[in-house]
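Here is a short briefing for a first look at this structure. Keep the sequence and the model side by side as you read.

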Amino acid sequence: MEDKTSNPYDMDGSSFDADRYLQKLLKECSLKQIMDTEATIVRQTQTLHSDMQTLVYENYNKFISATDTIRKMKTDFKSMETEMNLLMANMNSITEFSERITDTLQETRSQLTRLSGKHQLLKKLQFLSSLPAKLKTLIEEENYQQAVQEYSHAQKVLQQYGQQPSFQGIQEDCIKILDELKDRLKGEFRQTGKSAQSLTEIGELLLQLGERPSSLAKEMLECASKRLHEQIVVLQDQTDRDMIEFIDLGIEGFLKDLTLVISSYSDMFLTKHLEQEADDFEQTARIDLNAFVNRNVDEYLALVQDRAELEIGHGDSQIILRGLDRLHRRMTAMRTLCRAVDMSKSGIDIIVNAAQQLCQTHMRSLKDHFADSLSSVRLALVSSANTVPAGTAATSSSSQSGAAGGQGSTSGHTTTPLRELISNLYISTIEKVKGLMQDLLIFLQPEWSFNLKGDPKGVQCIEGIRENLLVAFLRHFCTTVNGYGTVSSTAPPTLLLVLSKVCLEMDRAGVHALTSLVDELYNLDAERSGTLVHESELCTEMRDSAQLLLDSYVRLQGLHLSQMLRKSVETRDWLNCLEPRSVRAVMKRVVEEISAIEAVLGELYDSSVTLHGGSRTTASSDSSRKTHFSIAASKQSQFRSTWSTYTPQSQLDSSFVSNMQRLFSEKIEIFAPVEFSKVSIITGIIKICLKTLLECVRLRTFSRYGLQQIQVDAHYLQMNLWRFVSDENLIHVLLDEILGSAVLRCLEPILMEPNAVEIICERN
């Protein structure tokens with residue numbers, strides 16, 4: 001700091017030397033730098049000059065203002081000095097006159113004091129003498145509080161001088177009057193219909209009159225309970241009011257009276273030290289108060305809960321919750337009055353119960369909606385089955401006439417597309433569930449005073465919404481549709497097909513859409529939760545239901561066709577048959593029915609096969625031409641004879657060889673679960689039909705022409721059924737077994753020439 005002030009080259013320093021500074025600039029700087037320095041110094045000088053002028057102007061103005069202020073103060077002080085002198089003179093005069101008055105009245109002051117005391121004593125004696133009459137007048141006017149106050153003013157005097165004869169009569173009259181007042185107050189205290197405020201006022205008066213607090217406390221709670229019960233009875237009759245009005249009535253009536261009783265009881269018996277009672281009186285009184293509050297609050301909340309249960313599902317949920325929110329706010333505010341009772345907890349319990357009740361109502365609504373949707377689907381299927389084009393009338397009529405137990409084949413053409421029915425059922429169910437789940441979000445709105453997520457019961461309630469509504473409905477969905485897939489069900493096959501497809505859609509997208517929506521709306525983490533049902537479990541149940549329904553569809557359609565085949569075999573006389581000239585009508589009927597089934601399945605499934613490869617669109621080079629006779633002949637090359645040379649003598653050996661072949665061949669599962677594809681479904685139906693035909697053939701005995709008729713029918717089936725399955729060898733194996741069984745059951749096993757069989761089948 002010292003170096004800076006003593007620097008001769010610092011213009012701001014006190015030791016600045018202009019000549020030395022100039023010499024330094026001439027030595028060290030160029031001409032341009034010197035000119036720049038000069039310009040800088042000139043600019044700074046001008047700035048300083050301008051600042052100086054500004055400071056001088058401002059200070060001059062301040063100086064002028066200060067001068068004016070001082071001049072004015074001098075003038076004001078002169079006038080104040082004159083006024084102070086005048087005031088001092090007046091005070092001296094007043095003091096002198098006061099001393100004169102004091103000296104003059106000194107003698108009469110003591111006399112006035114004595115007279116004033118006597119006057120006060122006379123007024124007190126007059127008050128005491130008129131006290132009994134005044135008390136009676138006040139009691140007759142029912143001004144009990146004023147009567148007690150009047151007696152309280154005279155009570156100390158009467159207690160002190162009550163033994164003297166002049167006061168003894170007054171005291172006895174007052175005591176008798178007060179006893180009557182006590183009896184009257186007790187009578188009114190016990191009367192029904194008194195408000196809580198009246199009970200409190202009467203209780204205060206009785207305490208002032210010396211009533212025992214312990215008995216009065218219990219009696220006060222009993223009378224208050226009767227009054228509060230009357231309030232609840234009045235609320236029970238308010239059925240024509242909405243929830244907000246009902247809650248407001250309860251708040252202004254019941255809860256207001258309860259609050260007044262609690263505060264008055266606390267002021268009278270808990271906050272005061274009552275010397276005439278035992279030490280444990282306060283504890284006993286507090287226990288009685290808590291029991292009183294619990295009992296009455298429970299009764300009121302039970303009434304509110306019953307009313308909420310009546311309103312839930314029938315009234316506006318917003319109005320119901322707004323009323324319950326008002327109740328919760330009031331109950332929360334009452335916590336400070338009675339800390340032993342958690343009022344807000346009781347309010348939360350009602351809201352949780354309301355949420356559970358609304359959840360149950362929505363569950364019933366979902367079940368009814370789903371049942372109505374199923375009824376609509378069944379009605380649409382029935383209407384579609386009854387409304388068929390003219391070209392399919394014969395097929396539909398014959399199909400219905402061959403139905404078993406009223407369950408005719410519904411595989412004819414329909415006017416309502418199945419995809420539309422499936423889409424309507426799926427979308428209506430999903431949207432209904434979404435709408436109801438979003439409706440329950442009303443309980444989590446931030447405007448409410450309660451917070452379900454902050455309460456353990458509330459958290460369980462939120463999780464219960466997911467489990468008891470969404471998960472429970474999805475399982476109800478599976479249970480309901482599974483009922484259509486039982487053996488005893490009378491549902492039409494097409495309905496099973498529709499429901500199976502809907503279950504597949506639920507497995508593919510519906511379950512995920514619903515669970516993810518609910519988890520997002522209610523901020524749930526089902527992945528990490530150990531109590532919430534996982535999405536994959538629901539998807540598995542949906543897929544199992546879809547599989548059950550599809551298997552039932554295959555079973556019903558297979559049994560329907562099998563019944564036609566069984567009747568055609570059992571009702572024919574195979575020993576007296578004529579030589580076959582055509583394919584039997586039932587075989588044509590079976591092919592037509594399977595074609596109609598394929599048309600229905602074509603709307604819902606593609607022709608791909610999940611496990612067995614693609615479908616057959618064209619026949620192999622010889623599949624539509626070769627006969628079962630040629631198949632059998634090719635297989636018999638290993639044996640001693642062919643079917644054309646079959647004789648009864650070789651029956652044992654041929655039967656043995658056939659059984660050996662079946663033993664080592666691949667087993668065909670007739671009722672195995674089918675896959676979700678058109679080819680797999682039709683294959684399952686065909687297997688049931690051919691297996692039924694095989695078993696029926698094994699139970700009949702055939703003549704030569706009967707065997708040949710079976711040969712023609714089998715070849716016709718082989719020519720038409722190969723295109724419906726992915727592996728035509730399955731058809732060949734089953735038809736081989738049918739023809740083989742017919743040969744074994746034939747009395748004259750001679751097969752028809754292959755060319756003749758082909759001509760007959762082509763002609764048909």
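## Briefing

N523 is exposed, with a relative accessible area of 61%; exposed means over 50%, buried under 20% and partly exposed in between (1.4 Å probe, protein chains only). This is a predicted model, where local features need pLDDT of at least 70 and side-chain atom pairs count only at pLDDT 80 or more, while totals for chains, interfaces and linings use all residues. Residues are numbered from 1 along each chain as its sequence is written, and side-chain values use heavy atoms, with hydrogens and water left out.

**Two loop residues**

- N523 sits in the loop between α15 (493-521) and α16 (535-570).
- The phi angle of N523 is near 55°, a positive value in a residue other than glycine.
- E753 belongs to the loop between α22 and α23 (754-763).
- E753 is exposed, at a relative accessible area of 56%.
- The C-alpha atoms of E753 and Q708 are separated by 9.3 Å, although the two residues are 45 apart along the chain.

**The chain as a whole**

- The chain has 23 helices and zero strands. These are DSSP runs, numbered from the N terminus: helices are H or I with at least four residues, strands are E with at least two.
- Of its 764 residues, 43% count as buried.
- The accessible surface comes to about 41,700 Å², and 52% of that belongs to carbon and sulfur atoms. The areas come from the Shrake-Rupley method with a 1.4 Å probe; for residues, only the protein chains shown count as cover.
- Among contacts between residues at least 6 apart in sequence, 80% join residues at least 24 apart. A contact means heavy atoms within 4.5 Å.

**Helix α22**

- Helix α22 covers residues 728-744. Of its 17 residues, 14 are buried.
- At 1.5 Å a residue, α22 should span 24 Å, and its end C-alpha atoms are 24 Å apart, which agrees. The expected span is 1.5 Å times one less than the number of residues.

**The nonpolar core**

- The largest nonpolar core holds 169 residues, and Y300, F443 and M506 touch the most other members.
- Helix α11 (residues 343-386) gives the largest share of this core, 15 residues.
- Such a core is a set of buried Ala, Val, Leu, Ile, Met, Phe, Trp, Tyr and Cys residues joined through side-chain atoms within 4.5 Å.
- Leaving aside neighbours within four places in sequence, F443 is in contact with L321, I351, A354, A355, L358, W448, F450 and L452.

**Aromatic rings**

- Rings of Phe, Tyr and Trp (its six-membered ring) pair if their centres lie within 6.5 Å; planes under 30 degrees apart are stacked, over 60 edge-to-face and the rest tilted.
- By this rule there are six aromatic pairs.
- F16 and Y21 form a tilted pair, 5.6 Å centre to centre with 55° between the planes. F16 is partly exposed at 30% relative accessible area, whereas Y21 is buried at 18%.
- The ring centres of F370 and F473 are 6.1 Å apart and their planes meet at 85°, so this pair is edge-to-face.
- F370 lies in helix α11 and F473 in helix α14 (residues 456-484), so the pair ties together parts 103 residues apart in sequence.
- F370 and F473 are both buried. Together with F477 they form one aromatic cluster.

**Charges over rings**

- The charged end of R307 sits over the ring of F246, 4.8 Å from its centre.
- R572 lies over the face of W574, at 5.3 Å from the ring centre.
- The rule asks for NZ of Lys or CZ of Arg within 6 Å of the ring centre and within 35 degrees of the ring normal.
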